[in-house]
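Q: Hey, could you walk me through this one? I'm new to it.

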Amino acid sequence: MPFAPRLTTDRRRLRRWAIGTGVLIGALPVAGLTAATTVPDDAGEPIRIGVSLPLTGDFSEPGEGIQQGYDLWAADVNAAGGILGRPVELIYRDDASDVNKVVSDYEQLISVEDVDFVFGPFSSRLVIPASEVAEDEQMVFLEPAGAAPEVFERGLEFLFYAAPAVADEHYDYLADYLTALPEGERPETVAVASMDDPFAQGTAYGLRDQLAEAGIEVVADEVYPPGTTDYSNIAAKIADTDADVFVGGTQFEDAVGLLRAFEELGYRPPYMAFSTGPTLPEFTEAVGDARNGILSPVGWSQEATFESNPEFVASFQETFDTDPHEDAANGYTVGQVLNQAVEAVGCADSSEECQTSVRDFIRDNEFVTVVGPLSFDEAGRPEQAHMIQQWIDGEVEIVLPAGSDVQTAELITRD
Amino acid sequence: MTRSLFVQAIVFGVLTGGVYALMASGLSLYFGVMRIVQIAHPAFLFLGAYLTYSLHNALGWDPLLTLPITVPAFFLIGVAVQRLLLARLRDENRAMMSVLLTFSIAVVVEGTLSAIYTGSYRSINLDYASKSFELFGARVPYDRLIGLAVAGLTLLALFSILKYTRYGRALRATMQHRDAARLVGVDTERVTAVGFGIGLATAAVGGAVLSIITTFFPSGHWEWIAKLMAIIVVGGLGSVGGAALAALVLGVTEAVVQVWLSPVWAGMVFYLFLFLTLIFRPQGFFGGRLAQRF
């Protein structure tokens with residue numbers, strides 16, 4: 001009996017050696033065969049998409065919103081059988097709203113995780129450094145929230161902003177409306193206050209410059225740093241000019257801080273426009289009735305009947321038990337563009353060949369998305385336009401473009 | 001800059017400075033009793049704002065009526081944090097280690113707030129929040145005036161406790177010379193714990209005021225710590241009265257620079273004052289010989 005175990009062990013060793021050799025020998029011709037034909041060896045393997053998002057820190061709120069959009073898109077795609085028959089898997093990193101962290105995140109996702117595609121983070125401040133990494137690695141960089149002019153002025157070839165319009169064109173419809181008003185009704189002065197942030201400034205300065213070009217005088221033009229805690233003095237300076245139009249290049253806190261201070265100062269011009277803040281659900285709780293008459297550009301509407309949008313709204317409501325928002329819609333849009341491009345091109349890997357052909361397809365074609373049909377110019381700028389929303393009697397109405405399918409009410413002046 | 005705009009800036013500066021004074025008073029007290037830097041103070045201000053928000057929403061109370069609940073609660077949290085964590089730091093490297101320890105406390109408070117309330121912006125919108133009256137051609141908002149009044153009353157109460165009560169004498173003795181105080185029979189351990197509790201209790205009041213005048217989100221507290229630290233250094237570390245005066249001076253200067261130059265320059269005011277203080281009068285401009293002596 002003492003020998004029995006030993007014998008067994010030896011026999012096992014022998015068998016293992018035999019099997020090993022057999023597999024090795026057998027594998028040689030098989031490997032040659034795979035290389036020679038075009039049968040993808042990764043069929044059924046998930047398509048892995050790397051994303052860094054600001055899930056904590058200053059941008060955590062919109063960051064999580066974008067994540068909901070990405071997650072919902074992946075779930076919807078997987079429920080419908082995946083892309084090219086392969087399921088989609090999202091790999092997240094949290095960049096803590098930090099421009100250094102976002103760079104190392106993408107470097108790691110691309111070189112260590114070896115993901116097949118990347119999606120962008122939230123906000124121009126993070127998109128700008130992150131997109132440089134993707135460009136160096138020759139990876140298509142579809143992003144949901146980098147709309148500032150600087151994003152597109154660096155000659156990048158792999159970047160695409162998957163939303164209807166870049167920042168400085170957000171207010172185009174409002175600019176057209178105000179400058180076309182008849183003499184007498186037309187505003188004569190405009191005051192601007194903007195956060196020192198590429199996106200916020202892009203939106204506000206787009207409108208400011210168009211109004212100034214049409215002969216409307218710019219009587220105040222303020223910039224304040226992110227993280228400002230008190231807006232009353234900035235508001236006092238604006239109110240002192242008593243301008244007919246106020247344009248706020250804002251995120252949320254500053255939109256609320258400025259509007260509250262304007263109310264306290266008794267400054268109520270006929271036209272007041274703020275970016276971002278008034279489109280968020282928390283706005284009502286923060287400012288109450290002061291929101292009436294406030295104008296904002298909006299890239300997506302729950303009511304819009306664009307192909308795939310009603311399905312997106314229903315799916316979001318079912319999954320998250322609440323109404324969708326613009327950030328989620330933008331995240332979803334990124335997924336939709338990639339999905340359609342990959343299906344058309346027929347490859348999904350990080351090779352230069354595949355990434356280049358996906359890039360070329362995106363640049364030359366129009367895509368069906370929840371924010372409407374989308375196409376891009378040479379620099380990756382979208383070529384469509386933002387709608388203008390206005391709070392009227394406690395409801396969000398789409399007031400511009402006038403006469404279009406999406407318009408739900410006429411634009412009003414504040415008292 | 002028109003004259004009315006200048007007056008308006010002064011008015012806003014005083015209103016804001018009063019709130020700064022309230023928020024900085026706790027920081028100054030911590031340093032006084034323990035020689036520690038409490039990075040987590042603004043995080044507790046935000047915790048106070050969130051608790052006020054919850055009580056306001058659940059019970060419909062005015063934010064200021066929640067103080068009888070939040071102030072004692074914060075006092076107890078303060079005593080617990082001092083006894084269980086800060087008291088365990090060794091004397092020789094306490095100032096340095098307290099920065100690390102309270103930094104981690106701030107992160108824990110922020111993380112807890114994010115987990116419970118999410119990253120969304122919260123705010124309390126009251127009937128009187130956007131109303132104001134006119135004074136010398138400037139608008140004075142009621143909510144800000146209430147904030148200033150609450151700050152003034154709290155500081156007055158704090159000052160009275162320190163100046164006129166038996167406990168206050170023991171506390172001041174502990175601040176001035178811990179060993180000597182112990183020799184004459186002061187239970188310095190207990191006095192320190194209570195002092196820390198009082199410091200944190202001011203964060204509950206500050207949080208309630210914050211919830212009335214602004215919107216808040218979990219990571220917002222980082223914007224405050226630098227300003228408040230500058231205030232207590234300019235005012236003289238450990239001096240509650242000095243911190244209050246410095247807060248008013250800095251608040252008004254910030255406001256005037258905001259309208260006269262630009263909001264970007266206004267952010268520098270605090271650092272400029274900080275540098276000038278460290279160069280010319282490191283013990284602070286308005287009191288506190290503490291920094292020099294210890």
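This is a predicted model: local features need pLDDT of at least 70, side-chain atom pairs count only at pLDDT 80 or more; totals for chains, interfaces and linings use all residues.

Q: Ok, which residues of α9(B) and α11(B) meet?

A: From α9(B) there are Ala226(B), Lys227(B), Ala230(B), Ile231(B), Val233(B) and Val234(B), and they meet Phe270(B), Tyr271(B), Phe273(B), Leu274(B), Thr277(B) and Leu278(B) of α11(B). Sorted by class, that contact has 10 nonpolar residues, one polar and one charged. For the classes, Ala, Val, Leu, Ile, Met, Phe, Trp, Tyr, Cys and Pro count as nonpolar, Asp, Glu, Lys and Arg as charged, and the others, Gly among them, as polar.

Q: And at what angle do α9 and α11 of chain B pack?

A: About 30°, with the axes 9 Å apart. Axes here are lines fitted to C-alpha atoms, for helices over the stretch in contact, and angles run from 0 to 180 degrees between N-to-C directions.

Q: Switching topic: how many residues does each chain give to the contact between A and B?

A: Chain A gives 29 residues and chain B gives 41 residues. On the side of chain A that touches chain B, 10 are nonpolar, seven polar and 12 charged.

Q: How much area do the two chains bury?

A: About 3,000 Å², with 48% of it on carbon and sulfur atoms. Buried area is the accessible area (1.4 Å probe) that two parts lose on being put together, summed over both.

Q: What about salt bridges, how many between chain A and chain B?

A: One, where a salt bridge is a side-chain nitrogen of Lys or Arg within 4 Å of a carboxyl oxygen of Asp or Glu. Asp230(A) pairs with Arg144(B), with the closest N and O atoms 3.6 Å apart.

Q: Why does that pair join two chains?

A: Because Asp230(A) lies in the loop between β7 and α7 of chain A, while Arg144(B) is in helix α5 (residues 142-164) of chain B.

Q: Last one: which peptide bond is cis?

A: The one from Leu400(A) to Pro401(A), with omega near 0°. Pro401(A) lies in the segment after β12 (395-400) of chain A.

Methods. Residues are numbered from 1 along each chain as its sequence is written. Chains are lettered from A and ligands numbered from 1 in the order in which they are written. Side-chain values use heavy atoms; hydrogens and water are left out. Contact means heavy atoms within 4.5 Å. Helices (H or I, at least four residues) and strands (E, at least two) are DSSP runs, numbered from the N terminus.
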